[in-house]
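Morning, everyone. I have one structure to walk through today. Please look at the screen.

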Amino acid sequence: VQLQASGGGLVQAGGSLRLSCLVSGSIFRIYSMGWYRQAPNDQRELVARIGNTGSTDYADSAKGRFTISRDNAKNTVYLQMGSLKPEDTAVYYCRAFMSTPAAPGGREYWGQGTQVTVSS
């Protein structure tokens, strides 16, 4: 099972980016999916998450600027980020809680991260 994140890059403040995370491999079911971020010398923190029914949850810093969505047919979760600020600079990680042959009861899986840098 792999989670492949993409879409990061360098953008000016006020700009937008769209992150994608594709889940591949042998999967029974994907439950929640989400995005976390970690800035240098900071702890990893939740940005947004989405349940398998489409319910969403956002960090206060993301509300009104970021939108999380998922395409269940493509096993992909997206994070549309707008009005980006320098403080959004971080490595962004996707996470999924899934049941797989190796973990039929479910466990979390993490992607490798994608760098987002917002210049002022």
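Let me start with a term. Buried means under 20% relative accessible area, exposed means over 50%, and partly exposed is in between, with a 1.4 Å probe and protein chains only.

Now the ground rules. This is a predicted model, where local features need pLDDT of at least 70, side-chain atom pairs count only at pLDDT 80 or more, and totals for chains, interfaces and linings use all residues. Residues are numbered from 1 along each chain as its sequence is written, and side-chain values use heavy atoms, with hydrogens and water left out.

First residue: Met-81. Buried or exposed? Met-81 is buried, at a relative accessible area of 0%. Met-81 lies in strand E8, residues 76-81. Helices (H or I, at least four residues) and strands (E, at least two) are DSSP runs, numbered from the N terminus. What does Met-81 touch? Leaving out residues up to four places away in sequence, its contacts include Leu-17, Leu-19, Phe-66, Tyr-92 and Val-116. Contact means heavy atoms within 4.5 Å. Val-1 is 80 residues from Met-81 along the chain, and their C-alpha atoms are 26 Å apart.

Second residue: Ser-99. Ser-99 sits in strand E9, residues 90-100. Ser-99 is buried too, with a relative accessible area of 4%. Not counting residues up to four places away in sequence, Ser-99 touches Ile-27, Phe-28, Arg-29, Tyr-31, Pro-104 and Gly-106.

Stay with E9. Which way do E9 and E10 run? E9 and strand E10 (residues 103-110) are antiparallel, joined by five bridges. Two strands pair if DSSP finds at least two bridges between them. E9 and E10 make a hairpin, with two residues between them. Across that pair, Arg-95 stands opposite Trp-110 in E10.

Now step back to the whole chain. How many helices and strands are there? The count is zero helices and 11 strands. The radius of gyration is 14 Å, close to the 14 Å from the globule rule for 120 residues, so the chain is as compact as a globular protein of that length. That radius is taken over C-alpha atoms, and the rule is 2.2 Å times the number of residues to the power 0.38. Along the principal axes, the C-alpha atoms fill a box of roughly 45 × 25 × 20 Å. Of the 120 residues, 42% are buried. Take contacts between residues at least 6 apart in sequence: 55% join residues at least 24 apart.
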